[in-house]
Amino acid sequence: MNRSALLKLVESRYTRTDLPDFRPGDTVRVAYRVKEGNRTRVQNFEGLVIKVKRNGFNSSFTVRKVSFGVGVERIFPMHSPLIEKVEIVQRGRARRARLYFIRELSEREIRRKLRVDRKRVDQDAQAAKEAVRASEAEQA
């Protein structure tokens with residue numbers, strides 16, 4: 001067995017498949033498990049996805065928010081066991097893969113640049129309806 005096949009075999013056990021499909025420009029809420037002393041709690045981090053790095057098991061995504069007038073960016077490993085869930089708050093339509101130019105813009109300019117992606121919002125609503133129908137048919 002070659003090295004890459006062995007790595008894939010080991011990594012496949014830790015790879016997450018439950019995360020939704022999101023892109024740069026989307027607003028997400030990441031529920032992240034934080035350890036403080038001897039107890040753990042879940043902390044939500046809601047912001048704009050400015051970068052998604054896809055590199056197999058080393059994939060990560062960067063989320064930016066403005067907190068009390070200060071921009072805060074956080075990088076989350078995609079397959080981290082500390083991520084409870086990733087919830088998509090709003091779909092955005094970006095024309096670039098890396099949204100670093102957002103750092104210099106105001107909130108109003110950001111809203112103007114990143115319009116809501118109605119097509120993907122409608123697709124999400126349709127998928128949710130189908131999931132409800134499937135669960136109802138399963139129970140009946």
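Reader: What should I know before we start?

Author: This is a predicted model, so local features need pLDDT of at least 70 and side-chain atom pairs count only at pLDDT 80 or more, while totals for chains, interfaces and linings use all residues. Residues are numbered from 1 along each chain as its sequence is written, and side-chain values use heavy atoms, with hydrogens and water left out.

Reader: How many helices and strands are there, and what makes a stretch one or the other?

Author: The protein has three helices and seven strands. Both are DSSP runs numbered from the N terminus: a helix is H or I over at least four residues, and a strand is E over at least two. Going along the sequence, you get α-β-β-β-β-β-β-α-β-α. One of the helices is α1, residues 3–11, and another is α3, residues 118–139.

Reader: Why is L9 called exposed?

Author: Exposed means over 50% relative accessible area, buried means under 20%, and partly exposed is in between (1.4 Å probe, protein chains only). L9 has 52% relative accessibility, so L9 counts as exposed. You'll find L9 in helix α1.

Reader: And why is R13 called exposed?

Author: R13 comes out at 67% relative accessibility, so it is exposed too. R13 sits in the loop between α1 and β1.

Reader: What makes M1, L6, L9, V10 and Y14 a patch?

Author: Patch residues have over 30% relative accessible area and no salt bridge; nonpolar side chains (Val, Leu, Ile, Met, Phe, Trp, Tyr) are joined within 5 Å, and like charges within 9 Å. M1, L6, L9, V10 and Y14 form a nonpolar patch on the surface, and together they have about 580 Å² of accessible area. Those areas come from the Shrake-Rupley method with a 1.4 Å probe, and for residues only the protein chains shown count as cover.

Reader: How do you know that D26 and R120 form a salt bridge?

Author: A salt bridge needs a side-chain nitrogen of Lys or Arg within 4 Å of a carboxyl oxygen of Asp or Glu. For D26 and R120 the N to O distance is 2.7 Å, so the pair passes the 4 Å limit.

Reader: What makes R29 and E46 a salt bridge?

Author: Their closest N and O atoms are 3.0 Å apart, so they meet the cut-off too. R29 is in strand β1 and E46 in strand β2, so the bridge ties together parts 17 residues apart in sequence. R29 has a relative accessible area of 25%, so R29 is partly exposed. E46 has 34%, so E46 is partly exposed also.

Reader: How many salt bridges does the structure hold?

Author: Twelve. Another one of them joins D124 and R91, at 2.7 Å from N to O. D124 lies in helix α3 and R91 in the loop between β5 and β6, so this pair links parts 33 residues apart in sequence. D124 is partly exposed because its relative accessibility is 33%, while R91 is buried because its value is 10%. Salt bridges with shared partners join D26, R91, R120 and D124 into one network.

Reader: Which angle makes F68 worth a look?

Author: F68 has a positive phi of about 55°, although it is not a glycine. F68 is in the loop between β3 and β4, and at 85% relative accessible area it is exposed.

Reader: Which residues are closest to the centre of the largest pocket?

Author: The largest pocket holds about 380 Å³ of space. Of the 19 residues that line it, T27, L48, E107, I110 and R111 are closest to the centre. Elements that give two or more residues to the lining are β2, β3, β5, α2 and β7.

Reader: What makes it a pocket rather than a cavity?

Author: On a 1 Å grid over the protein atoms alone, a cavity is a set of points where a 1.4 Å probe fits but cannot get out, whereas a pocket is an open set with protein on both sides within 12 Å along at least five of seven lines; lining residues have an atom within 4 Å of a point.

Notes. Grid points are joined across faces, edges and corners, and a volume is the space filled by probe spheres set on the points.
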